[in-house]
Amino acid sequence: MTVIRAGDIEMTPLEGRRSGDPLSGIAAASSVRVVELEPGTTRTAHRHPYSEEVVVVARGSATVWIEGKSRPVSAGDVVHIPAGAAHATLAGEPTTLHCFFPHPDLAENMETTDIEVEEES
């Protein structure tokens, strides 16, 4: 059994967010990311060609954009993103997401797009 404490996850700054890999250094058949979003940022959509993504909103509220459709989400909500779907999440307040991928290498399973997504006014 492996337990990873939240405070032990190394967070890396990325475009419009901070992201950490709690399974770093563990040979696992899936990938997980903890993502912290701040409000007021624009995001470029991305996709995961080799797997679906399941997102659990752990804290805050946000708007999830998937293939041109937006939907508000808040703490406790679960979002299913089909494999290959362009998507992005924009925070309405400081928001933490737990993202799960049934693919062992997220870097290999990530493609950026040129689609700019911003909060609707």
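Leaving aside neighbours within four places in sequence, which residues is Cys99 in contact with? They are Ser31, Val32, Arg33, Val35, Glu53, Val54 and Val55, where contact means heavy atoms within 4.5 Å. Before we go on, a word on the model: it is predicted, with local features needing pLDDT of at least 70 and side-chain atom pairs counting only at pLDDT 80 or more, while totals for chains, interfaces and linings use all residues. Residues are numbered from 1 along each chain as its sequence is written, and side-chain values use heavy atoms, with hydrogens and water left out.

Let us stay with Cys99 for a moment. You will find Cys99 in strand S10; helices (H or I, at least four residues) and strands (E, at least two) are DSSP runs, numbered from the N terminus. Cys99 counts as buried because its relative accessibility is 4%, buried being under 20% relative accessible area, exposed over 50% and partly exposed in between (1.4 Å probe, protein chains only).

The largest one has 15 residues, and Cys99 is listed with Val55, Val73, Val79 and Leu97 as having the most contacts inside it. At least two residues of this core come from each of S3, S5, strand S6 (61-66), strand S8 (78-81) and S10, and S10 gives the most, with three. A second, separate core has six residues, among them Ala45, Trp65, Ala86 and Leu90. Back in the first, Cys99 and Val79 lie 20 residues apart in sequence and 9.3 Å apart in space, C-alpha to C-alpha.

Now turn to the largest pocket, whose volume is about 340 Å³. On a 1 Å grid over the protein atoms alone, a pocket is an open set of points where a 1.4 Å probe fits, with protein on both sides within 12 Å along at least five of seven lines, and lining residues have an atom within 4 Å of a point. Grid points are joined across faces, edges and corners, and the volume is the space filled by probe spheres set on the points. Of the 22 lining residues, Arg17, Ser19, Val35, Leu106 and Met110 are the closest to the centre.

Apart from neighbours within four places in sequence, Arg17 is in contact with Thr12, Val35, Glu36, Leu37 and Arg43.

How values were computed
Core = buried A, V, L, I, M, F, W, Y, C linked by side-chain atoms within 4.5 Å.
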